[in-house]
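Here is a short report on how one protein chain packs. Please look over the sequence and the model before reading on.

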Amino acid sequence: MALQVQDRDSKLDAMAAHWPKIDALLGGTSAMRKAKATYLPKQPAESDEDYAYRLSTSTLFPAFERTCGVMAGKPFAKELTLNKVPAAVEAYVGNVDGEGRSLHAFASDVFNTSAIQYGFGGILVDYTKTEGQARTQADEKAMGARPYMVHIKHDQILGYKTQRAGDKVIFTQLRIKETKEEDDGYGTKVVNCVRVLEPGKWELWVERSSQSKTAYVLEEQGTTTLGYIPFVPLYGIRKGFMLGMPPLLSLADLNVKHWQHQSDQDENARFARKRLLVFSGLTNDDKIVMASDMAVRLPPNAKAEVIQGSAESVNAGRSELQSLEQQMIQTGAELLVATPGQRTATEASNDAEANKSMLQRIVENFEDALDLALQYMADWIKAGEGGSVSLFKDFAAASLTDASAQLVVQMAQGGLITKETALREQQRRGVLSPDLDVDTEVAKAKESEPSLGTVGAE
């Protein structure tokens, strides 16, 4: 059956299979609970009531979300720099999306979502709609018409068509899911739309309902002054054209596993804390009186004993969780470790250039995407060469130990782990002396903290 305008192309299914898991992890505890058995299966013979209670008390350790934030923040730790960007384009850099965000802020958000979290997305360089409203460039200037960048998220891309033109692949069609607000009495309502782009023209299909039937109808269309589709794909780990995967997908899997084991551990601890009084040798006619201020009198040959869960299982569960947390730190840190790659002739004599971390390579690809987006802005206003962008990339670590130590510090600063855990992790890595008394060190650190209101005081 032919695809409808609102249908997602099966070419995107391999990537889309991972998105619900990432959605849930980024949604936090409430989203993971909402997913129910998808990520927290019922235990054998577990009743619906017991499962509902266990689910309602489970909490997520947000390792994936926080690690993505740490990694995405590294290239934007310093302000990006522009290289040979024409003045006409640079005039838009302070408000590159038409919503008040600078190129630095816009790029930071896009990098986190499309490159690090989901590993796929894009930037559409659009232009203010002027058809029927402006006849000359002066009219366009008077109405504030301008090019602007739009972040197209992973799940907005419904399908595309391409063809090869010389030494490159170009888009011949791109379908993008979006929404728009319409008046609804004294309020507004959100309507689903699909924008279809082709070289030099566009269409807007809108979801409409009539007589209990819903369909997408063509409501707007027009032409553009560009002979191509000004869309730039973004990737985390690029597997092919319009095919990208999340660089921290393994961490996402570990985080789901931690969610499951944390739930098991909470259940074990809950039962280990409870004491169950068991009587044996009684008949249905025997009566027992119990109170806190009297002894229990039992018939001959009867006995009572207390059964309690084993503390060993709780300790084993705690160790398993700690091991998982260490694995998550290691997995996240792998993005920072410099590894040899394919060397160009220039890089052959420069180890610093040839040995790059995975994150550095992702950033370099993202720089190329921003360069292309700037060129598309320049093309809209016929400004010639669009220039380029440079991001901070001096953050590679020489080894996994160094990288994970760096990540431990940042996770502690972000509140994901405690200072005590951070110090013990650094001891385990050999960064700190094994003789260091962690409790004493934390106490001293608290003593040396400035009093509230004295920071920055003269």
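## Basis

This is a predicted model: local features need pLDDT of at least 70, side-chain atom pairs count only at pLDDT 80 or more, and totals for chains, interfaces and linings use all residues. Residues are numbered from 1 along each chain as its sequence is written, and side-chain values use heavy atoms, with hydrogens and water left out.

## Nonpolar cores

The largest nonpolar core holds 95 residues. A nonpolar core here is a set of buried Ala, Val, Leu, Ile, Met, Phe, Trp, Tyr and Cys residues joined through side-chain atoms within 4.5 Å. Buried means under 20% relative accessible area, exposed over 50%, and partly exposed in between (1.4 Å probe, protein chains only). Phe111, Ile123, Met149, Phe231, Leu359 and Phe366 have the most contacts inside the largest core. Its largest share, 12 residues, comes from helix α12 (residues 358-380). A second, separate core has five residues, including Val5, Val194, Val196 and Tyr216.

Met149 touches Val96, Asp97, Leu103, Phe106, Ile123, Leu124, Val125, Ala373, Leu374 and Met377, not counting residues up to four places away in sequence. Contact means heavy atoms within 4.5 Å.

## Helices α5 and α7

Helix α5 (residues 63-73) packs on helix α7 (residues 103-117) at about 115°, with the axes 10 Å apart. Helices are DSSP runs of H or I with at least four residues, strands are runs of E with at least two, and both are numbered from the N terminus. Axes are lines fitted to C-alpha atoms, for helices over the stretch in contact, and angles run from 0 to 180 degrees between N-to-C directions.

From α5, Phe64, Cys68, Gly69, Met71 and Ala72 meet Phe111, Asn112, Ile116 and Gln117 of α7. By class, this contact has six nonpolar, three polar and no charged residues. Ala, Val, Leu, Ile, Met, Phe, Trp, Tyr, Cys and Pro count as nonpolar, Asp, Glu, Lys and Arg as charged, and the others, Gly among them, as polar.

## His258

His258 sits in helix α9 (residues 249-273). His258 is buried, at 1% relative accessible area. His258 touches Phe61, Leu321, Leu324, Glu325 and Met328, not counting residues up to four places away in sequence.

## The sheet

Five strands form an open antiparallel sheet, ordered β4-β5-β6-β7-β8. Two strands pair if DSSP finds at least two bridges between them. The edge strands, β4 (157-165) and β8 (213-223), each pair on one side only. The twist averages 25° from one strand to the next.

Strands β5 (residues 168-184) and β6 (residues 187-198) pair in the antiparallel sense over 11 bridges. Thr179 has Asn192 in β6 as its bridge partner.
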